[in-house]
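Reader: I have a sequence and a structure to look at. How should I read them?

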Amino acid sequence: SLGLVGSEMCIRDRPHALVAGLSGMFYRASAPHESPYAAVGDVVEEGQVLGLIEAMKLLNEVEADRAGRIAGFCVGNGDAVEAGMPLVMIEALEGSA
């Protein structure tokens, strides 16, 4: 499973949506043959790289803006994204805000 979730989940307040900071192509790994940075169910730290957005031939890291567990991805590997579009749903860990 690629961990893609339905659009209705990507607009809910819970879990938290990490949105694209710029427009470009979203990639879940550093190269086609590499493992993804993160998968559904992974516990991630704030600042951890979750993907890349390629814009104007530059690769921009997409970092988690909070710690939590990855609930799903709103876009697929290689999909075009726009600034402000939800990319990854991150749910809070039990016992944290």
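Author: What follows goes through the strands, the sheets, the surface and a few single residues.

Author: This is a predicted model, in which local features need pLDDT of at least 70 and side-chain atom pairs count only at pLDDT 80 or more, while totals for chains, interfaces and linings use all residues. Residues are numbered from 1 along each chain as its sequence is written, and side-chain values use heavy atoms, with hydrogens and water left out.

Reader: How many helices and strands does the protein chain have?

Author: Helices (H or I, at least four residues) and strands (E, at least two) are DSSP runs, numbered from the N terminus. Here the protein chain has 0 helices and 8 strands. Read from the N terminus, the order of elements is β-β-β-β-β-β-β-β.

Reader: In what order do the strands of the open sheet with E5 and E7 run?

Author: Two strands pair if DSSP finds at least two bridges between them. In this case 4 strands form an open sheet, ordered E5-E4-E2-E7, with antiparallel pairing. Its edge strands are E5 (58-63) and E7 (80-81), each of which pairs on one side only. Strand E2 (residues 24-27) is joined to E7 by 2 bridges, and the two run antiparallel. Across from valine 81 in E7 stands glycine 24.

Reader: What share of the residues counts as buried?

Author: Buried means under 20% relative accessible area, exposed over 50%, and partly exposed in between (1.4 Å probe, protein chains only). Of the 97 residues in the protein chain, 38% count as buried. Areas come from the Shrake-Rupley method with a 1.4 Å probe, and for residues only the protein chains shown count as cover. The accessible surface of the protein chain is about 5,800 Å², with 51% of this belonging to carbon and sulfur atoms.

Reader: What share of the contacts joins residues 24 or more positions apart?

Author: Contact means heavy atoms within 4.5 Å. Among contacts in the protein chain with a separation of 6 or more, 62% come from residues 24 or more positions apart.

Reader: Is glycine 72 buried or exposed?

Author: Glycine 72 counts as buried because its relative accessibility is 0%. It belongs to strand E6 (residues 68-73). The C-alpha atoms of glycine 72 and proline 15 are 9.4 Å apart, although 57 residues separate the two along the chain.

Reader: Where does the charged end of arginine 28 sit?

Author: A charge sits over a ring if NZ of Lys or CZ of Arg is within 6 Å of the ring centre and within 35 degrees of the ring normal. The charged end of arginine 28 sits over the ring of phenylalanine 73, at 3.6 Å from the ring centre.

Reader: Which loop holds methionine 56, and what is its phi?

Author: Methionine 56 is in the loop between strand E4 (49-55) and E5. Its phi is positive, about 50°, although methionine 56 is not a glycine. Methionine 56 counts as exposed because its relative accessibility is 81%.

Reader: What is the phi of lysine 57?

Author: Phi of lysine 57 is near 70°, a positive value in a residue other than glycine. Lysine 57 is also in the loop between E4 and E5, and counts as exposed because its relative accessibility is 76%.
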